[in-house]
Amino acid sequence: MRSLKNNGRVFVITILVASGLLVNRAFSKVEAPNYDFTLKKLEPFTPGKSIAELPKELGKGEITEDKGDTKIIRYNLVHARYNFPIYVQEKKGIILDFYARFPTYFLHDTFHQSLINKFGKQTKYHRQENDALYLWENVNGIKVIYSGACTVTCYPNYISYIQVTNKKGDFVPLIKKFSNNFLGKKTK
(Lines give C-alpha, C1' and ligand atoms only; values in the text may rest on other atoms or scores of the structure.)
Protein backbone atom coordinates (compact mmCIF):
# COMPACT_ATOMS: atom_id res chain seq x y z
CA MET A 1 0.00 0.00 0.00
CA ARG A 2 2.85 2.39 0.85
CA SER A 3 4.55 1.53 -2.38
CA LEU A 4 1.37 2.44 -4.28
CA LYS A 5 1.20 5.86 -2.53
CA ASN A 6 4.89 6.51 -3.22
CA ASN A 7 4.44 5.53 -6.87
CA GLY A 8 1.47 7.92 -7.09
CA ARG A 9 3.51 10.79 -5.63
CA VAL A 10 6.41 10.08 -7.99
CA PHE A 11 3.98 10.02 -10.92
CA VAL A 12 2.42 13.39 -9.93
CA ILE A 13 5.83 14.99 -9.37
CA THR A 14 7.03 13.68 -12.75
CA ILE A 15 4.00 15.20 -14.50
CA LEU A 16 4.47 18.55 -12.76
CA VAL A 17 8.17 18.74 -13.59
CA ALA A 18 7.57 17.69 -17.20
CA SER A 19 4.80 20.26 -17.68
CA GLY A 20 7.04 22.89 -16.11
CA LEU A 21 9.74 22.09 -18.65
CA LEU A 22 7.32 22.09 -21.59
CA VAL A 23 5.67 25.38 -20.65
CA ASN A 24 8.54 27.67 -19.79
CA ARG A 25 7.13 30.98 -18.63
CA ALA A 26 10.39 32.76 -19.35
CA PHE A 27 9.52 32.64 -23.05
CA SER A 28 5.96 33.94 -22.59
CA LYS A 29 5.22 37.48 -23.65
CA VAL A 30 2.84 39.48 -21.47
CA GLU A 31 1.65 42.80 -22.88
CA ALA A 32 0.17 45.73 -21.04
CA PRO A 33 -3.51 46.64 -21.50
CA ASN A 34 -4.32 49.02 -24.38
CA TYR A 35 -1.13 47.89 -26.08
CA ASP A 36 1.00 50.23 -23.93
CA PHE A 37 -0.90 53.37 -24.96
CA THR A 38 -0.42 56.27 -22.56
CA LEU A 39 -1.80 59.79 -22.38
CA LYS A 40 1.71 61.04 -23.19
CA LYS A 41 0.94 60.17 -26.82
CA LEU A 42 -1.72 62.93 -26.77
CA GLU A 43 0.42 65.62 -25.10
CA PRO A 44 1.83 67.08 -28.37
CA PHE A 45 -1.77 67.91 -29.38
CA THR A 46 -2.57 69.86 -26.19
CA PRO A 47 -4.36 73.18 -26.85
CA GLY A 48 -2.13 76.21 -26.53
CA LYS A 49 0.90 74.50 -28.04
CA SER A 50 2.35 75.43 -31.39
CA ILE A 51 1.43 73.23 -34.34
CA ALA A 52 5.12 73.39 -35.33
CA GLU A 53 5.99 71.45 -32.13
CA LEU A 54 4.20 68.31 -33.32
CA PRO A 55 6.59 65.37 -33.70
CA LYS A 56 8.10 65.01 -37.16
CA GLU A 57 7.15 61.31 -37.35
CA LEU A 58 3.48 62.34 -37.60
CA GLY A 59 4.14 63.84 -40.99
CA LYS A 60 2.58 66.96 -42.47
CA GLY A 61 -1.02 65.96 -41.86
CA GLU A 62 -3.98 66.32 -44.20
CA ILE A 63 -5.84 69.63 -44.17
CA THR A 64 -9.55 68.80 -44.05
CA GLU A 65 -10.81 72.36 -43.66
CA ASP A 66 -9.10 75.67 -44.39
CA LYS A 67 -10.79 78.94 -43.43
CA GLY A 68 -7.86 81.33 -43.74
CA ASP A 69 -6.15 81.55 -40.38
CA THR A 70 -8.09 78.58 -38.93
CA LYS A 71 -7.46 75.05 -40.18
CA ILE A 72 -8.49 71.51 -39.28
CA ILE A 73 -5.69 69.02 -39.87
CA ARG A 74 -5.98 65.23 -39.70
CA TYR A 75 -3.02 63.25 -38.36
CA ASN A 76 -2.69 59.50 -37.98
CA LEU A 77 -1.25 58.30 -34.70
CA VAL A 78 0.52 55.03 -35.43
CA HIS A 79 2.03 52.60 -32.96
CA ALA A 80 2.85 48.90 -33.04
CA ARG A 81 -0.74 47.67 -33.09
CA TYR A 82 -2.96 50.68 -33.51
CA ASN A 83 -3.59 53.43 -36.00
CA PHE A 84 -6.24 56.08 -35.42
CA PRO A 85 -6.99 59.61 -36.58
CA ILE A 86 -6.51 62.76 -34.53
CA TYR A 87 -8.13 65.93 -35.80
CA VAL A 88 -6.44 69.17 -34.71
CA GLN A 89 -7.96 72.63 -35.07
CA GLU A 90 -5.38 75.41 -35.16
CA LYS A 91 -5.53 79.16 -35.52
CA LYS A 92 -2.44 81.09 -36.61
CA GLY A 93 -0.22 78.12 -35.72
CA ILE A 94 -1.62 77.57 -32.19
CA ILE A 95 -3.66 74.45 -31.36
CA LEU A 96 -7.22 75.28 -30.23
CA ASP A 97 -8.53 71.75 -29.71
CA PHE A 98 -8.21 68.16 -30.85
CA TYR A 99 -10.52 65.19 -31.29
CA ALA A 100 -9.30 61.58 -31.31
CA ARG A 101 -11.42 58.52 -32.06
CA PHE A 102 -10.00 55.32 -30.52
CA PRO A 103 -9.93 51.72 -31.73
CA THR A 104 -12.62 49.61 -30.05
CA TYR A 105 -10.12 47.15 -28.60
CA PHE A 106 -8.82 49.73 -26.13
CA LEU A 107 -9.95 49.13 -22.55
CA HIS A 108 -12.27 51.76 -21.07
CA ASP A 109 -11.41 51.02 -17.43
CA THR A 110 -7.68 51.40 -17.98
CA PHE A 111 -8.03 54.53 -20.12
CA HIS A 112 -10.54 56.21 -17.80
CA GLN A 113 -8.32 55.49 -14.79
CA SER A 114 -5.36 57.09 -16.56
CA LEU A 115 -7.49 60.22 -17.12
CA ILE A 116 -8.45 60.28 -13.42
CA ASN A 117 -4.79 59.84 -12.46
CA LYS A 118 -3.82 62.81 -14.65
CA PHE A 119 -6.76 65.22 -14.21
CA GLY A 120 -8.48 64.07 -11.01
CA LYS A 121 -12.13 63.05 -10.72
CA GLN A 122 -14.34 64.33 -13.54
CA THR A 123 -16.59 67.31 -12.79
CA LYS A 124 -19.57 65.95 -14.74
CA TYR A 125 -20.76 62.52 -15.76
CA HIS A 126 -23.71 61.58 -17.95
CA ARG A 127 -24.84 58.11 -18.92
CA GLN A 128 -27.38 57.26 -21.57
CA GLU A 129 -28.05 53.59 -22.25
CA ASN A 130 -24.65 52.01 -23.06
CA ASP A 131 -22.71 55.27 -23.55
CA ALA A 132 -21.17 57.49 -20.91
CA LEU A 133 -19.73 61.00 -21.15
CA TYR A 134 -17.09 62.29 -18.73
CA LEU A 135 -16.24 65.97 -18.49
CA TRP A 136 -13.40 67.81 -16.81
CA GLU A 137 -14.49 71.49 -16.92
CA ASN A 138 -11.25 73.44 -16.59
CA VAL A 139 -7.92 71.69 -16.12
CA ASN A 140 -5.17 74.27 -16.66
CA GLY A 141 -7.29 76.14 -19.22
CA ILE A 142 -8.42 72.97 -21.00
CA LYS A 143 -11.82 71.28 -21.09
CA VAL A 144 -11.49 67.49 -21.45
CA ILE A 145 -14.41 65.49 -22.85
CA TYR A 146 -14.20 61.70 -22.91
CA SER A 147 -16.80 59.20 -24.09
CA GLY A 148 -16.88 55.47 -23.43
CA ALA A 149 -19.37 52.74 -24.27
CA CYS A 150 -20.14 49.19 -23.26
CA THR A 151 -21.49 46.23 -25.18
CA VAL A 152 -19.87 42.90 -24.31
CA THR A 153 -16.82 44.85 -23.05
CA CYS A 154 -16.28 48.53 -22.33
CA TYR A 155 -14.16 50.66 -24.64
CA PRO A 156 -13.37 54.36 -25.22
CA ASN A 157 -15.13 56.12 -28.10
CA TYR A 158 -13.30 59.42 -28.30
CA ILE A 159 -11.50 62.12 -26.35
CA SER A 160 -11.32 65.84 -27.00
CA TYR A 161 -9.20 68.56 -25.37
CA ILE A 162 -10.65 72.05 -25.92
CA GLN A 163 -9.02 75.36 -25.07
CA VAL A 164 -11.17 77.31 -22.60
CA THR A 165 -11.70 80.87 -23.83
CA ASN A 166 -13.40 83.88 -22.31
CA LYS A 167 -14.81 85.04 -25.64
CA LYS A 168 -18.10 83.46 -26.59
CA GLY A 169 -18.06 82.14 -30.15
CA ASP A 170 -14.28 82.50 -30.56
CA PHE A 171 -14.25 79.15 -32.36
CA VAL A 172 -16.49 76.12 -32.79
CA PRO A 173 -14.90 73.07 -31.08
CA LEU A 174 -14.31 70.02 -33.27
CA ILE A 175 -16.58 67.85 -31.15
CA LYS A 176 -19.47 70.24 -31.89
CA LYS A 177 -18.60 70.46 -35.58
CA PHE A 178 -18.49 66.69 -35.91
CA SER A 179 -21.75 66.28 -33.97
CA ASN A 180 -23.49 68.89 -36.12
CA ASN A 181 -22.18 67.31 -39.31
CA PHE A 182 -23.57 63.99 -38.15
CA LEU A 183 -26.94 65.60 -37.45
CA GLY A 184 -26.91 67.47 -40.76
CA LYS A 185 -26.56 70.97 -39.30
CA LYS A 186 -24.23 73.64 -40.64
CA THR A 187 -21.60 75.16 -38.35
CA LYS A 188 -20.26 78.69 -38.56
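**Entry 1: a pocket.** I began with the second largest pocket of this predicted model, and listed its lining: Lys 41, Pro 44, Phe 45, Pro 55, Glu 57, Leu 58, Asn 76, Leu 77 and Val 78. I looked up its volume too, and that comes to about 170 Å³. How do the lining residues divide into nonpolar, polar and charged? I got 6 nonpolar, 1 polar and 2 charged.

**Entry 2: confidence.** The protein has an average pLDDT of 81, and 78% of its residues score at least 70.

Entry 3: Strand S2 covers residues 70–78 and runs antiparallel to strand S3, residues 83–91, with 9 bridges joining the two. The bridge partner of Val 78 in S3 is Asn 83.

**Entry 4: the whole sheet.** Next I wanted the order of the strands. I found 8 of them in an open sheet, ordered S1-S2-S3-S4-S8-S7-S6-S5, with antiparallel pairing. Which strands are at the edges? They are S1 (62–67) and S5, each of which pairs on one side only. From one strand to the next, the twist averages 15°.

Entry 5: I zoomed in on S5, residues 124–128, which pairs with S6, residues 131–139, in the antiparallel sense over 5 bridges. Gln 128 has Asp 131 in S6 as its bridge partner. The two strands make a hairpin with 2 residues between them. Glu 129 is in that turn, and I noted its positive phi of about 55°.

**Entry 6: a helix across the sheet.** Then I looked for where helix H2, residues 108–119, goes. H2 lies across S6, S7 (142–150) and S8 (154–163). Against S8, H2 runs at about 30°.

**Entry 7: Thr 123.** Last stop was the loop between H2 and S5, where I found Thr 123. Which residues does Thr 123 contact, leaving aside neighbours within four places in sequence? I found Leu 135, Trp 136 and Glu 137. Thr 123 and Leu 135 are 12 residues apart in sequence, and their C-alpha atoms are 5.9 Å apart in space.

Terms used:
Residues are numbered from 1 along each chain as its sequence is written. This is a predicted model: local features need pLDDT of at least 70, side-chain atom pairs count only at pLDDT 80 or more; totals for chains, interfaces and linings use all residues. Side-chain values use heavy atoms; hydrogens and water are left out. pLDDT is the predictor's confidence in each residue, from 0 to 100. On a 1 Å grid over the protein atoms alone, a cavity is a set of points where a 1.4 Å probe fits but cannot get out, and a pocket is an open set with protein on both sides within 12 Å along at least five of seven lines; lining residues have an atom within 4 Å of a point. Grid points are joined across faces, edges and corners, and a volume is the space filled by probe spheres set on the points. Ala, Val, Leu, Ile, Met, Phe, Trp, Tyr, Cys and Pro count as nonpolar, Asp, Glu, Lys and Arg as charged, and the others, Gly among them, as polar. Two strands pair if DSSP finds at least two bridges between them. Helices (H or I, at least four residues) and strands (E, at least two) are DSSP runs, numbered from the N terminus. Axes are lines fitted to C-alpha atoms, for helices over the stretch in contact, and angles run from 0 to 180 degrees between N-to-C directions. Contact means heavy atoms within 4.5 Å.
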